Amino acid sequence: FLIFFFNTGYWKQIKNPFIERLYNSSVNNYYYIPTIVYSMLKGISEPIPELNIQINFKNLMKLEEDRNNALKFEDATEYEFLEVPIKLKYKTNSLSGKIRLKGDRKIHFNEKNRYSYKINLKKQNVIFGLEEFSLMKPRARNYAHEWIFHKLNAKGGLITLKYEFIKLKINGEDHGLYVLEESFDKVLIERNERRNSIIVGIIEEFDAGISNSKLQFYNKKNWQENSDYLNSNLQKIRKIFDNDDKLTEYIDQEKWAWYFAVVDLGNFYHGLAGKSVKFYVNPLSGKVEPIGFDGHRNLINYEKKNPTWSNLLKKYGPTSFDLAEKCQISKKDKQCEPLVNNFFFKKDGSLRKNFYRKYVEAINLISSDNFFDNFFKKNSDQLNLINSKIYLDYFYVDHIFFYGPGIYYFKIEDYIYKKEFLQNRFNLKESKIFIEKENNVIKISNNNINNFFKIK
């Protein structure tokens, strides 16, 4: 009977949806429990920095009431959180500051002992060299993947946020593993060896995209007396949003090309949203540079047995250029990302060939075996430590708005697969070049946009 059943068309009809659901929920990752346990045992004795926040009972109740009020809002971005004073202890230092809840998704504050916080220390009070930073559970940024996102950005010379894993205590009570994420201020710019200038971001409460966006200056107080400087640089960013024909004159093309390549390698699709990436205007070059923020990889682990993997990759891990091409087909396409489109295509639909070439060069470098192997070899020890601490704390798989029932498991195969995918997609293809001779004239025909070559 079983042989008969498994050879019927009925079983074939239900098999693929069952396997698809199994993989898409990451339940298959339970297979790696022995490896996870081994990693946990290795990480138990490894120390990480510990922060202890002290909040008096009255202010603690204020935060709890504030959290209950925020939960009543359908969209958390509409709620303005309350600040209360704190003392923050790190090693032998006791620092004064303020704390509030944070988050545009309710998963940031709907579970006790897993809240996300924004901390602003008083002047002259710093920790890890920072005055302002956020504290979140690693799950809020898809665990170790966000750390890789920042490390890859740094390899391209981009301004990069400090992103540290720490142990958090509140009034002595252990809240487990948290991640410390740097804010956007003068400290960030100076630590990245840049001249002080404006950092601009989109105010998500108005429009998370670029069409009807309102902009905010993260370090505006440093430039209030120089409105001409503010306005001239604001115009550059507006020209990017408006898809000005001379857009490439206002941007640092190499850095933006590298940023898109990083997103493509790690499937950091969320980092391409207008509200995610921030804009820094370099006063020396006059060019706009990207500051990567909230890459938040949203893709399950690669599994060759998953029958829907290729479709998932198209949906959650397209290349930056794919997103731009979607806009050329239809601006209403859900995957169309107007900001990305403007870097690749002009208003008339013509390709910005010089920028595309720099993008392909960045892709070919970041997906090269040499760069890839060196990067992960250099960071393997730290990556193993981070993952061991995650497994010791909380590791239900991240589905953006909920967690589980599957579990998080870090697989280097995810990145290897995408590396090989990019190599195949963007490398030079000699078969697409045709050379012929007519009447002592050599004609070269190129039928692939990725073929860059010079005639000697």
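## A walk from a loop to the core

Let's start with Asn439, which sits in the loop between strand E14 (433-438) and strand E15 (441-446). Helices (H or I, at least four residues) and strands (E, at least two) are DSSP runs here, numbered from the N terminus. This is a predicted model, in which local features need pLDDT of at least 70 and side-chain atom pairs count only at pLDDT 80 or more, while totals for chains, interfaces and linings use all residues. Residues are numbered from 1 along each chain as its sequence is written, and side-chain values use heavy atoms, leaving out hydrogens and water.

Back to Asn439: its phi is near 50°, a positive value in a residue other than glycine. Asn439 counts as exposed, at 75% relative accessibility; the cut-offs for relative accessible area are under 20% for buried, over 50% for exposed, and in between for partly exposed (1.4 Å probe, protein chains only). Glu193 also has a positive phi, near 60°. Glu193 is found in the loop between helix H6 (186-191) and strand E8 (199-202), and is exposed with a relative accessible area of 73%. Why point these out? Most residues other than glycine have a negative phi, and most peptide bonds are trans.

That brings us to a cis bond: Gly404 and Pro405 are joined by one, with omega about 0°. Pro405 belongs to strand E13 (residues 403-407). Which residues does Ser25 touch? Pro405 is among them, along with Val397, His399 and Gly406, not counting residues up to four places away in sequence; contact means heavy atoms within 4.5 Å. Ser25 itself is in the loop between helix H2 (9-24) and H3, and is buried at 16% relative accessibility.

Now for helix H12 (residues 353-366). Phe355, Tyr356, Tyr359, Val360, Ala362, Ile363 and Ile366 are buried in H12. Looking down the axis, these buried residues fall within an arc of 160°, so they line one face of the helix; the arc is taken from the directions from the helix axis to the C-beta atoms. An α-helix has 3.6 residues a turn, so residues three or four places apart point the same way. What covers the buried residues of H12 includes helix H5 (145-155), helix H8 (253-266) and helix H13 (369-393).

Tyr359 also turns up in the largest nonpolar core, which has 78 residues; Ile148, Trp256, Phe260, Phe343, Phe344 and Tyr359 touch the most other members. H8 gives the most to this core, with 9 residues. Such a core is a set of buried Ala, Val, Leu, Ile, Met, Phe, Trp, Tyr and Cys residues joined through side-chain atoms within 4.5 Å. Leaving aside neighbours within four places in sequence, Phe260 is in contact with residues including Leu272, Phe343, Phe344, Phe355 and Tyr359. There's also a second, separate core of 29 residues, and Ile53, Ile55, Ile86 and Leu130 are among its members.
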